[in-house]
Amino acid sequence: MVSLNSNDIKARMEKALDALKKDLSSLRVGRASSTMLDTINVNAYGSIMPLNQISTISVQESRLLLVSVWDNSLVAITEKSIRESPLGLNPMVEGNVIRLSIPPLSEDRRIEITKIASKYSENAKIAVRNIRRDIIENIRKLQKNSEISEDQKHKDEAIVQEITDEIIKTIDLILSNKEKEILEN
């Protein structure tokens, strides 16, 4: 008799939650956060590298980030990467330090950011539903091969659906909180 491991299912689905939280933390909500630069990559040393691997990023004030580039030869390339990023920032270079002033968000930009947050949320839900689909297909195979009974199949499917609903509800709650944060700041 094969048994369903609900902890394993939850762990797999919670990876989608972790990815969502990471994606949402990179969204700019009107105040400085070092994680908002996580999506910026720089063409350094012949390869594409994350910004945080060639510099130190620190929050100076609530609306000011400092990027201290370790190699002076990469300052101009780093500044260009930040300027061309979709974050809409205007970097100012002072030696090997790049100052990023975070302007207050306009209402239109806030709405645009909430749409991006919704997209991230939907991607997380799709990932969770794909995990559910794979597990249910596996349960049905087990039942078809007479490894589990019809009753067990229904019980297992109900457990998988219950876990899925719980994770989807958490995703909706995370999105709702992020939207409030974006629209209120």
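Where does Ser146 lie, between which two helices? In this predicted model, Ser146 sits in the loop that runs between helix 3 (107-144) and helix 4 (150-184).

**View 1. The whole chain has four helices and six strands.** Follow the sequence and you get the pattern α-β-β-β-β-α-β-β-α-α. The radius of gyration is 22 Å, well over the 16 Å that the globule rule gives for 185 residues, so the chain is more spread out than a compact globule. Of the 185 residues, 37% are buried. Take the contacts between residues at least 6 apart in sequence, and 64% of them join residues at least 24 apart.

**View 2. Four strands form an open sheet in the order 3-4-6-5, with antiparallel pairing.** Strand 3 (55-61) and strand 5 are the edge strands, each pairing on one side only. From one strand to the next, the twist averages 25°. Zoom in on strand 5 and strand 6 and you find an antiparallel pair with four bridges. Here Val93 stands opposite Ile98 of strand 6.

**View 3. Helix 2 (residues 75-84) has buried residues at Val75, Thr78, Glu79, Ser81 and Ile82.** These residues are on the same side of helix 2, because they cover an arc of only 160° around the axis. Ala76 and Glu84, on the other side of helix 2, are exposed. What do the buried residues of helix 2 pack against? Their partners are strand 1 (41-44), strand 4 (64-69), strand 5 (91-94) and strand 6 (97-101).

**View 4. The largest nonpolar core has 26 residues.** Met13, Val128, Ile167 and Ile171 are the members that touch the most others. Helix 1 (6-25), helix 3 and helix 4 are the elements that give two or more residues to this core. Helix 3 supplies the largest share, nine residues. To see the packing up close, look at Val128: leaving aside residues up to four places away in sequence, Val128 touches Met13, Ala16, Thr164, Ile167, Ile168 and Ile171. Another core, of 21 residues, lies apart from this one and has Met36, Ile57, Ile82 and Ile102 among its members. In soluble globular proteins, nonpolar side chains tend to be buried together.

**View 5. Tyr45 and Ser146 each have a positive phi without being glycine.** For background, most residues other than glycine have a negative phi. Tyr45 is found in the loop between strand 1 and strand 2 (47-50), and its phi is about 55°. Is Tyr45 buried or exposed? Tyr45 is exposed, with a relative accessible area of 57%. Now back to Ser146, in the loop between helix 3 and helix 4. Ser146 has a phi of about 60°, and at 65% relative accessibility Ser146 counts as exposed too.

Terms used: Residues numbered from 1 in each chain as written. Predicted model: local features only at pLDDT ≥ 70, side-chain atom pairs only at ≥ 80, totals over all residues. Heavy atoms only, no water. Buried < 20%, exposed > 50% of the residue type's maximum accessible area, 1.4 Å probe, protein only. Arc of directions from axis to C-beta. Contact = heavy atoms within 4.5 Å. Pairing = 2+ DSSP bridges. Axes fitted to C-alpha atoms, helices over the stretch in contact; angles between N-to-C directions. Core = buried A, V, L, I, M, F, W, Y, C linked by side-chain atoms within 4.5 Å. Rg over C-alpha atoms; globule rule 2.2 N^0.38 Å.
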